Amino acid sequence: MVLRINQAQREAICQHGARDYPSECCGVLLGDVNGELKHVRDAVALKNLRHDVNQAQELLPVDDPARETERNRFLIDPLDQLRVEKEARARGLEVLGYYHSHPDHPARPSAYDREHAWPWYSYVIVSVERGIAKDLTCWALAEEGGMFLPEAVEVVG
Ligand SMILES: [Zn+2]
């Protein structure tokens, strides 16, 4: 599949990554699907629940909360997720995928990212080096084998 986003959405994702540096930012991509094309209509910024260690550990525990923090992990609040899905439905849109940033790390999915990914969804990653957004990539799980494969991003107008 191809993920189509516009310049303003791409810019918004990069700016969110820069704004939340050195923490990871996260958000959801809403849009519609037409054959092999996922057309992003809105990139919705969400808060990274890993900032709240206690709540995050309750929802999705990590092995080492001292090392796995908001600086290298993100967690979307299930209540935010529900709210966004509801809003999307009301607007006739669907969740196409998610985005998050990699502060001072390349825009490649980590093992953790892969383990927590769902089939079909697009996972956009923006690398942020010393506070400046660099590369934006997109990934999707292979239909078999659970590997992350690059997904083409088409940036329009
Ligand atoms: Zn990641």
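A residue is called buried when its relative accessible area is under 20%, and exposed when this value is over 50%. His102 has a relative accessibility of 6%, so His102 counts as buried. The model described here is a predicted one.

The zinc ion is coordinated by NE2 of His100, NE2 of His102 and OD atoms of Asp113, at distances of 2.0 to 2.6 Å. Along the chain, the donors follow the spacing H-x1-H-x10-D. His102 is part of strand E4 and Asp113 is part of helix H4, so this pair ties together parts that are 11 residues apart in sequence. Asp113 has a relative accessible area of 11%, which means that Asp113 is buried.

What is the arrangement of the four donor atoms around the zinc ion? Ideal angles for four tetrahedral donors are 109.5 degrees. To count as tetrahedral, four donors must have all their angles between 85 and 135 degrees. Around this zinc ion the angles run from 55 to 158°, so the arrangement is irregular. Water is not among the atoms, so a site may look incomplete.

Strand E4 also takes part in a group of aromatic rings. The count of aromatic pairs comes to four. One of them joins Tyr98 and Tyr123, whose ring centres are 6.0 Å apart and whose planes are at 25°, a stacked pair. Tyr98 lies in strand E4 (residues 94–103) and Tyr123 in strand E5 (residues 122–129), so the pair ties together parts of the chain that are 25 residues apart in sequence. Tyr98, at 11% relative accessibility, counts as buried. Tyr123, at 8%, counts as buried too.

Tyr123 has a further partner. Its ring centre is 5.6 Å from that of Phe148, and the two planes are at 70°, so this pair is edge-to-face. Planes over 60 degrees apart are what that term requires. Phe148 belongs to strand E7 (residues 148–150), and the pair links distant parts of the chain, 25 residues apart. Phe148 has a relative accessible area of 11% and is therefore buried. Ring pairs link Tyr98, Trp120, Tyr121, Tyr123 and Phe148 into a cluster.

Trp120, a member of this cluster, has several features of its own. Trp120 is in the loop between helix H4 (111–115) and E5. With a relative accessible area of 35%, Trp120 is partly exposed. Lys38 lies over the face of the Trp120 ring, at 4.3 Å from the ring centre.

Most residues other than glycine have a negative phi, and most peptide bonds are trans. Trp120 has a positive phi, near 80°, and is not a glycine. Arg130 is not a glycine either, and has a positive phi of about 50°. Arg130 sits in the loop between E5 and strand E6 (132–141). Its relative accessibility is 74%, so Arg130 counts as exposed. The peptide bond from Tyr21 to Pro22 is cis, with omega near 5°. Pro22 is located in the loop between helix H1 (7–20) and strand E2 (26–34).

The last topic is the interior. In soluble globular proteins, nonpolar side chains tend to be buried together. Here the largest nonpolar core has 19 residues, and Val28 and Leu30 have the most contacts inside it. E2, strand E3 (37–46), H3, E4, E5 and E6 are the elements that give two or more residues to this core. E2 gives the most, with three residues. Leaving aside residues up to four places away in sequence, Val28 touches several residues, including Ala43, Val44, Val84, Val95 and Tyr98. A second, separate core has 14 residues, among them Leu3, Cys14, Val40 and Leu136.

Asp80 is placed in helix H3 (residues 78–90). Asp80 has a relative accessible area of 11%, which means that Asp80 is buried. Not counting residues up to four places away in sequence, Asp80 touches Leu46 and Lys47.

Note on methods. Residues numbered from 1 in each chain as written. Heavy atoms only, no water. Phe/Tyr/Trp six-rings, centres within 6.5 Å; stacked < 30°, edge-to-face > 60°. Helix = DSSP H or I, 4+ residues; strand = E, 2+ residues; numbered from the N terminus. Buried < 20%, exposed > 50% of the residue type's maximum accessible area, 1.4 Å probe, protein only. Lys NZ or Arg CZ within 6 Å of the ring centre and 35° of its normal. Donors = N, O, S within 2.8 Å, 3.2 Å for Na, K, Ca; no water. Tetrahedral: all angles 85-135°; square planar, octahedral: opposite > 155°, others 65-115°. Contact = heavy atoms within 4.5 Å. Core = buried A, V, L, I, M, F, W, Y, C linked by side-chain atoms within 4.5 Å.
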